[in-house]
Amino acid sequence: MSIHSPVVRAMARITALIAATSLAFASHAAQYDQLVVEDSAIEFNYTQMGVTLRGHFREFDGSLRFDPAAPESASAAIEVELASIRTGLAEADAEVTGSSWLDTETYPRARFESSAVRALGDNRFEVTGTLDIKGTTQEIVVPAALVAANGTAVFEGEFTIRRGDFAVGEGSWARFDVLANEIRVQFRITAGE
Amino acid sequence: MKPRPSRPTSSPSPSSYTTTAKLLHWLMALLILGMISLGLYMQGLPFSPEKLKLISWHKWAGICVLLLVTVRLGWRLTHPPPPLPAHMPRVLRMAAHTGHALLYVLMFVIPLSGWLMSSAKGVPTVWFGLWPLPDLLAPNESLGNALQVTHKYLNWFLMAVIGGHVAAAFKHHLIDRDDILVRMLPTLNRENQK
């Protein structure tokens with residue numbers, strides 16, 4: 001029997017359908033606990049001299065646990081490799097890992113760890129946790145919107161931190177007239193089952 | 001010193017520049033010399049808030065140069081400059097016209113090369129920190145670096161042409177003793193200004 005015969009094709013289609021159906025049932029009781037780093041992103045933007053520039057981190061990792069049936073028991077811990085920063089400004093990339101900025105030699109990673117998750121309804125959540133950058137720990141509240149489909153949960157959100165709170169940019173950079181204090185962080189965290 | 005031949009201080013207006021043309025000439029002269037000095041100074045600075053500030057000012061002023069040279073070219077095309085002195089040989093007339101054409105071309109091309117370079121380096125230009133200008137190129141690091149080198153060499157070329165321009169003006173004034181330099185000064189022909 002040729003592999004192009006109608007019977008083989010029909011059987012293949014039925015097999016695929018069964019597989020898809022069982023996957024759909026499985027995901028119904030899904031617990032998302034696998035961080036999919038390659039489909040996740042941590043980006044930020046900031047303003048210098050009235051110009052908004054965009055940067056991102058190339059390396060980060062972490063763990064999370066999210067059960068759609070019990071969202072308030074969810075937890076997440078994300079660690080960002082600070083030396084992997086790209087600021088959107090070639091000259092700044094060379095500077096920003098230094099001691100008056102992120103001081104990546106002493107503090108190689110930033111860490112966020114959730115302490116509480118509140119469901120706001122409509123697949124929106126409020127995640128409270130601690131953010132640790134350059135030896136300073138601060139409690140932050142992060143909004144996150146969830147889109148779950150095909151066994152993948154994507155959490156997206158944005159929050160603002162003040163670089164001055166973490167001594168990022170010391171000395172002449174500690175004033176905010178040229179380089180703004182606010183850093184807006186956007187994240188997309190993708191989790192699989 | 002020999003007495004200068006008297007200059008035609010009350011000649012008809014086609015033999016003099018308009019007040020607008022003089023104003024644009026000297027305004028741009030100051031701006032361009034300031035920009036060249038600023039450019040030379042800031043590019044050697046260490047990465048600092050001062051440097052970012054100066055680069056932004058330089059970009060804002062560059063857009064001003066681009067606007068002013070557009071106005072100036074429009075004015076020049078509708079208000080013919082006074083003719084060159086009759087004593088000038090053909091070769092020097094051609095050199096003068098070529099030099100002036102080059103100055104106009106460079107006054108357009110240099111700010112544009114800076115704008116292109118800024119776009120390629122991924123930094124949008126927001127004029128005076130208020131008005132975002134379109135990015136002319138997508139971010140591209142190697143193109144940005146190539147445009148930076150282009151911007152630099154165009155400016156060295158501009159400095160050479162300006163040097164020739166100034167030397168020619170003084171040559172006319174001191175050796176030929178004609179009114180080429182003086183007719184661009186703001187005080188001459190005051191009674192002819194409209």
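Reader: Let me start with handedness: is the crossing of α3(B) and α4(B) left-handed or right-handed?

Author: A crossing is left-handed if the near helix is turned anticlockwise from the far one by less than a right angle, and right-handed if clockwise. Here the crossing of α3(B) and α4(B) is left-handed. Do keep in mind that this is a predicted model, in which local features need pLDDT of at least 70, side-chain atom pairs count only at pLDDT 80 or more, and totals for chains, interfaces and linings use all residues. Residues are numbered from 1 along each chain as its sequence is written, while chains are lettered from A and ligands numbered from 1 in the order in which they are written.

Reader: At what angle do the axes of α3 and α4 of chain B cross?

Author: Two packed helices are described by the angle between their axes and the distance between the axes. Axes are lines fitted to C-alpha atoms, for helices over the stretch in contact, and angles run from 0 to 180 degrees between N-to-C directions. Helices (H or I, at least four residues) and strands (E, at least two) are DSSP runs, numbered from the N terminus. In chain B, the axes of α3 (residues 90–120) and α4 (residues 141–176) cross at roughly 155° and come within 9 Å. α3(B) and α4(B) are therefore roughly antiparallel; angles under 35 degrees count as roughly parallel, over 145 as roughly antiparallel, 65 to 115 as roughly perpendicular and the rest as oblique.

Reader: How do α1 and α2 of chain B pack?

Author: Helix α1 (residues 19–42) and helix α2 (residues 49–78) of chain B have axes 10 Å apart, at an angle of about 155°. Their crossing is left-handed. By class, the contact of α1(B) with α2(B) has 18 nonpolar, four polar and two charged residues. Ala, Val, Leu, Ile, Met, Phe, Trp, Tyr, Cys and Pro count as nonpolar, Asp, Glu, Lys and Arg as charged, and the others, Gly among them, as polar.

Reader: Which pattern does chain B follow along the sequence?

Author: Chain B runs α-α-α-β-β-α, with four helices and two strands. Chain A, on the other hand, has two helices and eleven strands.

Reader: How many residues of chain A are in contact with chain B?

Author: Two residues are in contact if their C-beta atoms, placed from the backbone, lie within 7 Å. By that rule, 16 residues of chain A touch 14 residues of chain B. The largest share of the chain A side, three residues, comes from α2(A). The predictor gives the complex an ipTM of 0.76 and a pTM of 0.80.

Reader: Is A:L146 buried or exposed?

Author: A residue is buried if 20 or more other C-beta atoms lie within 10 Å of its own, exposed if 12 or fewer, and partly exposed in between, with C-beta atoms placed from the backbone. A:L146 has 21 such atoms within 10 Å, so A:L146 is buried. This residue lies in strand β9 (residues 136–149) of chain A. Beyond its neighbours within four places in sequence, A:L146 is in contact with A:N123, A:F125, A:A153 and A:F155.

Reader: Where in chain B does pLDDT stay under 50?

Author: pLDDT is the predictor's confidence in each residue, from 0 to 100. Over residues 1–13 of chain B it stays under 50. Chain B averages a pLDDT of 90, and 89% of the residues score at least 70.
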